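Subject: Structure handover

Dear colleague,

Please find the structure below. My notes on what was found in it follow.

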Amino acid sequence: YEKLLTREGYRVLHAESVADGLRRYREQPCEVVISDMVLGGEDGLALLDAVKAVNPGQDVVMITSMQSLRKAVDALKRGAADYLTKPVDGEELLLLLRLLIERQTMNLEHSRLVGENVLFYEQLRVHKRGLELLAMLETDRIIDHFLDLLIAETAAVWAALYFYHEDDDSFAF
């Protein structure tokens, strides 16, 4: 699998044991973790559990033999993204990796867009408050309303407004 993935342009970190795999993952997280159900004589599910403990959103693909399909179902219950059965078809592996990475890209884009929407909503809220201020014609009412908004937005107990006069370098209350 390593040769196939490297040839396709993927960077592969190889590990021989659960401890080695977890150490490498902590040093350099990756888009997808691929693990055999048996990793250096150890249970590959231990690596799945350890990786998920570090990053619950990490995509982990488990590779299993036909005889251990029950373990594959257990892996899915523990949070594996998918499993492949031996012998793994190279095209199937590449397709699964592309799908998982594409889903991650879409999730990141979704998170970015949600963040932008939250920021836009906050800016819109401030804009609406500004329009409320402009709708008021009396200066005293505008100043009172502005101070009320300032107190509400900053959770302050009170607020005061001073105006700076450039001509005589003074402040007015």
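I start with a pair of charged side chains: Glu27 and Arg23 form a salt bridge, 3.0 Å from N to O. A salt bridge here is a side-chain nitrogen of Lys or Arg within 4 Å of a carboxyl oxygen of Asp or Glu. This is a predicted model, in which local features need pLDDT of at least 70 and side-chain atom pairs count only at pLDDT 80 or more, while totals for chains, interfaces and linings use all residues. Residues are numbered from 1 along each chain as its sequence is written, and side-chain values use heavy atoms, with hydrogens and water left out.

Both Glu27 and Arg23 belong to helix 2, four residues apart, about one turn of the helix. Helices (H or I, at least four residues) and strands (E, at least two) are DSSP runs, numbered from the N terminus. Glu27 is exposed because its relative accessible area is 56%, and Arg23 is partly exposed at 40%. The cut-offs are under 20% relative accessible area for buried and over 50% for exposed, with partly exposed in between (1.4 Å probe, protein chains only).

Other salt bridges

The whole structure has 13 salt bridges. Among them, Arg112 and Glu116 meet at 2.2 Å, N to O; these two residues lie in helix 5, four residues apart, about one turn of the helix. Arg112 is partly exposed at 38% relative accessibility, as is Glu116 with a relative accessible area of 41%. Another salt bridge joins Glu153 and Arg129, whose closest N and O atoms are 2.7 Å apart. That pair links distant parts of the chain, with Glu153 in helix 6 (residues 139-154) and Arg129 in helix 5, 24 residues apart. Glu153 is partly exposed at 43% relative accessibility, and Arg129 is partly exposed at 26%.

Helices 2 and 3

In helix 2 the buried residues are Val18, Asp20, Gly21, Leu22 and Tyr25. They pack against strand 1, strand 2, strand 3 and helix 3, where contact means heavy atoms within 4.5 Å. Helix 3 (residues 44-54) has buried residues including Leu45, Leu47, Leu48 and Val51. The partners of its buried residues include helix 2 (18-27), strand 4 (59-64) and helix 4 (69-77). At the start of helix 3, a side-chain oxygen of Asp43 comes within 3.1 Å of the backbone nitrogen of Leu45.

Asp36

Asp36 is in strand 1 (residues 32-36). Its side chain makes a polar contact of 2.8 Å with the side chain of Lys86 and reaches the backbone nitrogen of Val38 at 3.1 Å. A polar contact is a pair of N or O atoms within 3.5 Å; within protein, one must be able to donate a hydrogen and the other to accept it, and residues adjacent in sequence count only if both atoms are side-chain atoms.

Aromatic residues

The count of aromatic pairs is one. Tyr164 and Phe171 form this tilted pair, 5.2 Å centre to centre with 50 degrees between the planes. Rings of Phe, Tyr and Trp (its six-membered ring) pair if their centres lie within 6.5 Å; planes under 30 degrees apart count as stacked, over 60 as edge-to-face and the rest as tilted. Tyr164 is partly exposed at 42% relative accessibility, whereas Phe171 is exposed at 61%.

Regards
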